[in-house]
Amino acid sequence: MIFKPGSRWKSAVCSAEVIVVRTAPQDVTLACGGLKMIAPDEPTPEVTASVTITGNDVGVSVGKRYIDAETGLEVLGAKPGKGSLSVDARPMQLKEAKALPASD
């Protein structure tokens, strides 16, 4: 899917929600906890006992930015959750804050 900046997405396996900050130029799959993320107005699918987020449980933090270096897709954590974010099965990385210049 090609995402629009400012669009909101929620996890199908945990309480995490994200807002797209920077889009990818191509069609990508954004997932949380190993399952594709859904629009906030879509009903959350019934998650069976066989679906777990083990191995995908680094989590999403509020106010933190996550980036996929390969595509440039960047999202902002809007609600915390236990699932990890991924793009096309690649884990998204926490974006580090830029160092400010020293004030003399």
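**Ser7**

I began with Ser7, which sits in the segment before β1, the strand of residues 8–10. This is a predicted model, so everything I note here is read from a prediction. Is Ser7 buried or exposed? I found a relative accessible area of 19% for Ser7. The cut-off for buried is under 20%, so Ser7 counts as buried.

Next I looked up what the Ser7 side chain touches. It makes a polar contact with the side chain of Trp9, at 2.9 Å. I then left aside the neighbours within four places in sequence, and Ser7 still had Val18, Ile19 and Val20 in contact.

**Cysteines**

How many disulfides does the structure hold? I counted zero. Cys14 is in no disulfide, and the nearest cysteine sulfur to it, that of Cys32, is 3.9 Å away. I checked from the other end too: for Cys32 the closest cysteine sulfur is in Cys14, and 3.9 Å is too far for a bond.

**Strands and a sheet**

I went through the secondary structure of the chain and got zero helices and nine strands. Read from the N terminus on, the elements go β-β-β-β-β-β-β-β-β.

Then I picked out an open sheet of four strands. Its order is β4-β3-β7-β8, and the pairing is antiparallel. Which strands stand at the edges? They are β4 (35–36) and β8 (90–91). Each has a single partner strand, so one side of each is left without a neighbour in the sheet.

I followed β8 to its partner. Strand β7, residues 85–87, pairs with β8 in the antiparallel sense over two bridges. Within this pair I noted Val87 standing opposite Arg90 in β8. A reminder to myself: strands of a sheet pair through backbone hydrogen bonds, either parallel or antiparallel.

**The whole chain**

Last, some totals. The chain has 104 residues, and 36% of them are buried. I took the contacts between residues at least 6 apart in sequence, and 58% of those join residues at least 24 apart. The accessible surface of the chain comes to about 6500 Å², and carbon and sulfur atoms account for 55% of that surface.

Terms used:
Residues are numbered from 1 along each chain as its sequence is written. This is a predicted model: local features need pLDDT of at least 70, side-chain atom pairs count only at pLDDT 80 or more; totals for chains, interfaces and linings use all residues. Side-chain values use heavy atoms; hydrogens and water are left out. Two strands pair if DSSP finds at least two bridges between them. Buried means under 20% relative accessible area, exposed over 50%, partly exposed in between (1.4 Å probe, protein chains only). Contact means heavy atoms within 4.5 Å. Accessible areas come from the Shrake-Rupley method with a 1.4 Å probe; for residues, only the protein chains shown count as cover. A polar contact is a pair of N or O atoms within 3.5 Å; within protein, one must be able to donate a hydrogen and the other to accept it, and residues adjacent in sequence count only if both atoms are side-chain atoms. A disulfide is a pair of cysteine sulfur atoms within 2.5 Å.
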